[in-house]
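Open your viewer, load the model, and get ready to click. We will go from stop to stop, selecting a few residues each time and looking at what is there.

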Amino acid sequence: MNNSQQLEDLAWSIEASQGEFKLILAKCNYLNLQNQLIQELQKVCEIEIQILRLQASERTLYNAIQEEFNQEIAALMIVGWESLPNLSKMFSSANQVREEFRNNCPYPLVLWINNQIYQQIMESAPDLESWGITINFSLPFDELINLLKSIIDKVLNDDLNVNLQELELALQDLQKYGQDLEPEFEANCNFLKGFIAYNKKRLDTAISYYQQSWDFWQKTENLEIQGKILYNLTICNYEKLRPNPPTPFPTREGGEIINCIQQILEKFKNAQRLDLIANSLSRFGLILQDLQAWEQLKTLSQQALEIHQAENNILKIAEDYLFLATANFEQSNFQEAAKIANQGIGVIHELPLLNYYRQSLFLILAQAQEKLQQYEQAISSLEFAKDIGVINNHPKLYVKILNLLQKLLFQKTEYLKAFNTKLESRSIEQQFGLRAFIGAGWLKPAKNTSFVNKENISPEIEASGRKIDVDELLARIGRTDKKIIVIHGQSGVGKSSLVNAGLIPALENKAIGFQDNLPVTIRVYNSWFTELAKELLDVLPENLKSEDLKLDTQEKFVLKLVEIEKYRRTVLIFDQFEEFFFVCPDDKARTEFFQFLGKCLNNKNIGSLRIILSLRVDYLHLLLECDEISDMNIIGDGILSKNVLYKLGNLTPENAKTTIESLTKKTDFQLEPNLIKRLVEDLAGEVGSVRPIELQVVGAQLETENITTLAAYQQIGNKQELVKSYLGEIVNDCGKKNQELAELLLYFLTDEQGTRPLKTKAELEENLQSLLERDKNETENNLDLVLEIFVKSGLVVLLPENPCDRYQLVHDYLAAFIRQQQEPLSQKLEWEKQQRKIGEAKLNRFLKIALAGSVAAGIALTLLTVTAWNAAKRAETQKQQADINEIQALTKSSEAMFASGERGNALIEALRVNQKVKLASWATLDTQEPTTVALSQAVYLQRNEKPENKALCGI
């Protein structure tokens, strides 16, 4: 059956299904053909058909339809499935809410799909698929051959803008026809199959198909195509031989790869295709760089640069400069590397497309400047590179920039800036899966390098068993009897990490039922309503946001939630909620907050609204206040009932083991199984469970010291030694001059019982001043620095309170350890303090004895001193009189010269006398006034005097 007949059947099915839901699956493997068919369908069909083009951000099919078409329509076609990142989730969700389509979509629904998408519907939405009919459209054999030939031309000419899914389906359709192919066309189809296999990372399959294509083309005279096939074969062989994780490339295999590259370049040269030589740098440059073939890289880069400059191809010129600068830097030609990097930066325009090259050239420039000891210039270059930000697919480049910047800032003793830079580096590594462990800081959502703005559940959450907690919380949010959820747990158990790196990304990426979610999160409570309104405005979809929208009253806020209810489920999340009680100590402020929550929960027009509070277990009792507020009666059995509370505990040993294995699997940091087993045993200890914070702290230090074997772990001792090293690293981040202060500060954040008391900054200052012999202002300034680093490292928690903020160690298990470690330092300083007191007492006794013995001598000495003072006084008076005489003489000399017209000499004399007066501290007004008059008349013109008489030009 041809496409025309199929199209008539589709039009009839749409017309016959007016006023009722009808699912029609229109299968077509080719987008151009699909577009033609849609245009024809709209001509032959007697009713108007709306079109919905799906966007990559869509989560559920039902919501996408409702948000776009909330009015009555006659029929709807949906296209754009290829752009969706997770089709299986969308189809699974549609299958779960299929009755909603039948009840609320009274019109025929046509899904334009290809064979692969149809297969996903069969797997993820079998019930929904069973409701539909399928109509197939195909491409005739001759048109299929022409399509494949056009794709072959594109790929052979480095135009890689090819729909791989469509190409693969076309080759499958070609095979179904069962026709004999011409040898050249068959060789080119094998090339396309190799191209598809390479993009799917099936290297052996790709090499096999490329080899079959080479077997045909090597017998021809076509050097250009020979070179292109060898080019792809060489890249496949290189990637197959490349060690993983990356280590130095094997010498013999590396030499073979370099020989192949030279052979390919020679074929392109003989084919007179110098442009292909230049464009091969994009891939060969990376290979030569990995093989450390710097001279070959320099030669190829220089050739490419000359060709691309003649073409004025700015993108390629930027790439050429980068490889050329890199080769020179690696050969220790630092001046030349800096010069080339500057030239490259100078010719690159500030276009987003060129940001990777600009950023890389700034890094090479900074590295060269560091080697040349031009540290200030290097910091400036790195700041420029940092300002560009994280570029898609290149988080490693950004981390390199941050690490070098941190090193140079630390050398410059800008410790806080250095530490902030280090924190950012660690955070980026964790988010992009470059680092296994983050330490005591919060986990953040994982980022996909293909879509930088898309955030996923963190691998730590996925692997640790916390995914079970996330799924349970999602299930609670979906229940009508769970309007409020209170997540609680001990300090360091991972509440904030679960919320930020697990629950929020899950809510953003997964619909609950047929509703997409809109999580709104706050962590600052000084002005909680203003903060909440701001966060809601930040996450509102564009179709719900107007330019003049303001949520400055609670009434407006609630009305906006009512509007959102039509499209999304709002989830208000109050993280670190214990801080609310610090900044709102009075009953009135707390009552206002809980009344607001009650007002939102009781509103029948926002029935899907959910509220989540996350706080430490030792502050749970403070929530009892809300049970006395009538609006909060909707909770039922009370806010501390089992129906509301969700406890977050430590990890089981099995979950801890899975976490370590999963986190290290995708990074270069690989641990042997025996080490993982021993590590879990040490972390679990007698308690039989693993604290997430301790797992992160110990793991981070293992990664920092690159300890990957059980033997290396046993050599350092145990987990306590790793914790000690971790603390030592944070102390070192404070700078050498602050090391003693930092160590003592940790000590004073503990007590004799091995617990962690809350202390204000003033109390800590007093503790430190009692042992440190420093200026009070210096201690205060350095204390601010150390406290900020400790808080940002996650080692110390800042608790905002009224009237003074207080500080506390992040976890009890650190307190006893620190107390034990820092006790010797405290005792040493106390001993030194006592020795100073003893020394001072001895000195005082000596002075008393010396004073008693010197009284008699003092009387005689006093008589002599009086006599000497009188003589000195007479001499001083005589000297003053001599100075007065000299000043008066010089003043009269200046006046005489002025009167005789020698204005320049008069000025000189006046200046001399003025200097004399300045040096005479005893000079009276009678002495100063004549000298001032003399100087004034020598400098300024008198009334009616000619300008040329001025002593100084320009006055």
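Start by selecting C28, N29, Y30, L31, E82, N114, N163, Q165 and E166, the lining of the largest cavity in this predicted model. Sorted by class, that lining holds three nonpolar, four polar and two charged residues. Here Ala, Val, Leu, Ile, Met, Phe, Trp, Tyr, Cys and Pro are nonpolar, Asp, Glu, Lys and Arg are charged, and the others, Gly among them, are polar. The volume of this largest cavity is about 40 Å³.

What is a cavity here? On a 1 Å grid over the protein atoms alone, it is a set of points where a 1.4 Å probe fits but cannot get out, and a lining residue has an atom within 4 Å of a point. Points are joined across faces, edges and corners, and the volume is the space filled by probe spheres set on them. Rolling a probe the size of a water molecule over the atoms shows where empty space is left.

Next, select L23, L25, L61, F91, L111, I121 and L128, which line the second largest cavity. Which classes do you find in this lining? It has seven nonpolar residues, no polar ones and no charged ones. The second largest cavity also has a volume of about 40 Å³. By this rule, two cavities of 30 Å³ or more are counted.

A word on the ground rules before the next stop. Residues are numbered from 1 along each chain as its sequence is written. The model is predicted, so local features need pLDDT of at least 70, side-chain atom pairs count only at pLDDT 80 or more, totals for chains, interfaces and linings use all residues, and side-chain values use heavy atoms, with hydrogens and water left out.

Now colour by pLDDT, the predictor's confidence in each residue, from 0 to 100. The chain average is 86, and 83% of the residues score at least 70. Zoom to residues 951-955, where the pLDDT is below 50; this stretch has seven contacts in the model beyond near neighbours in sequence. A contact means heavy atoms within 4.5 Å.

Go to T667, in the loop between α30 (653-665) and α31 (673-684). Helices here are DSSP runs (H or I, at least four residues), numbered from the N terminus. Is T667 buried or exposed? T667 counts as buried because its relative accessibility is 8%; the cut-offs are under 20% for buried, over 50% for exposed, and partly exposed in between, with a 1.4 Å probe and protein chains only. A polar atom of the T667 side chain lies 3.2 Å from the backbone nitrogen of F669. Leaving aside neighbours within four places in sequence, T667 touches G433, L434, R435 and A436.

Another loop stop is N738, between α34 (719-733) and α35 (739-748). N738 has 0% relative accessibility, so it counts as buried. Beyond four places in sequence, its contacts are Y415, N782, L785 and V786.

Select Q292, in the loop between α15 (281-290) and α16 (294-311). Its phi is near 55°, a positive value in a residue other than glycine. Most residues other than glycine have a negative phi. Q292 is exposed, at 56% relative accessible area.

Then try Q373, in the loop between α19 (355-371) and α20 (375-388). Q373 is not a glycine, yet its phi is positive, about 60°. With a relative accessible area of 59%, Q373 is exposed.

Finish at Q302 in helix α16, which is partly exposed at 34% relative accessibility. Draw a C-alpha to C-alpha distance from Q302 to Y321: they are 19 residues apart in sequence and 8.5 Å apart in space.

Technical notes:
1 Å grid on protein atoms, 1.4 Å probe; cavity = no way out; pocket = protein on both sides within 12 Å on 5 of 7 lines; lining within 4 Å. Helix = DSSP H or I, 4+ residues; strand = E, 2+ residues; numbered from the N terminus. Polar contact = N/O pair within 3.5 Å; in protein donor to acceptor, adjacent residues only side chain to side chain.
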